[in-house]
Amino acid sequence: MSVSLAMVPVALTMRLVMGKDNFDNWVSSMQVKEPTTFKTELELARTVRKAGYDAEKWGGSIKTHLEGERHYFFWECIDGIWTAIFSTSESRERIERLMADVNEAAGRQVFEQQEFQPATNLSSSFPTNFRDGELLFKTLKEFGINPVRQGSGMTCKVEQSVLTFHQNGDSPFQVTVQNAPELRSVFEYLSDVDEEYKRCVQEVVYRKLKARAAAQNMTVESEEVMEDQSIVLTLNIRS
Amino acid sequence: MSQKQIRVHIFPNGEIQAEVIGVKGKACMDYIEVLEQLLDAETVDSAYTSEYYETEQAHIQQQELNLAKNNAKR
């Protein structure tokens, strides 16, 4: 072999670790949004880098580290407005330092708010790993609930709660949770959806690969389903 | 000549590991784009394997040999 790759299907992002043991992490991923006046992605990336931070494309968004590897946030274009999306668990100091640095690098007020206001911006909106609306719709239907399309998003009822999935461009979906007396049960439900969605992604990737390999002058040498339900396909490349 | 192959490992959590086998040196890099298109996926990490370095080293040695031969002819 000569090169080894780790890849993530475009239908998916690996932002969140769901599962029963990660409820606290999920709650802390609750988001605070700070809109900016950046006009373009290029202007955003240049200014953020000038301010001394990174700005790398990441699963349909732009990722910026606040400090070290563990503290980061995402920029997303929401309804045409470039918006910084912070986790509510992130330190207010770090966020305010970033906002000041970016304003200084831009030479103007980039953030609409003068200062970070987590209390007023707080909403029960969470990130998800889903990027493919059709696949998400199908997964929700297979769960026995009837999602209703709303533009590029969809809404569904789970027990007493209303879940609204919304997406901007090819960014990952966010989910807004309304009327959730028991946030933990919503989380457990979303964990199951996450697991099933990923299984659907595996199936879609497998089918696409087999269908497209022939068109690329490749033949299937072998295929095997492993104990962990992963699939290994070996393709011959014809010279 | 060894068989050129692509080995794709698709996990239930959607992640993919892919290996290009038997393609010498930098030519294996051409297959990154091919794999991304085949799988509708984005590469998040890549690493050369020992074969890349062996074949690349052989390529460099061959280039040096050719250069030496050309210089000798002059």
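Predicted model: local features only at pLDDT ≥ 70, side-chain atom pairs only at ≥ 80, totals over all residues.
Let me start with how chain A is divided.

Where they touch, domain 1 of chain A puts in seven residues and domain 2 of chain A puts in five residues. On the domain 1 side, the most comes from strand S5 of chain A, residues 71-78, which supplies three residues. By class, that side of domain 1 of chain A, the one touching domain 2 of chain A, has two nonpolar, three polar and two charged residues.

Now the contact between the chains. Here 34 residues of chain A meet 41 residues of chain B. Which elements of chain A give two or more residues to the side that touches chain B? They are strand S1 (3-9), helix H6 (183-215) and strand S13 (231-237) of chain A. H6(A) has the largest share of that side, with 10 residues.

One last item, on strand S1 of chain A. S1(A) is joined to strand S3 of chain B, residues 41-48, by seven bridges, and the two strands run antiparallel. To give you one pair to look at on the screen: A:Met7 has B:Thr43 in S3(B) as its bridge partner.

Terms used
Residues numbered from 1 in each chain as written. Chains lettered and ligands numbered in written order. Contact = placed C-beta atoms within 7 Å. Helix = DSSP H or I, 4+ residues; strand = E, 2+ residues; numbered from the N terminus. Nonpolar A, V, L, I, M, F, W, Y, C, P; charged D, E, K, R; others polar. Pairing = 2+ DSSP bridges.
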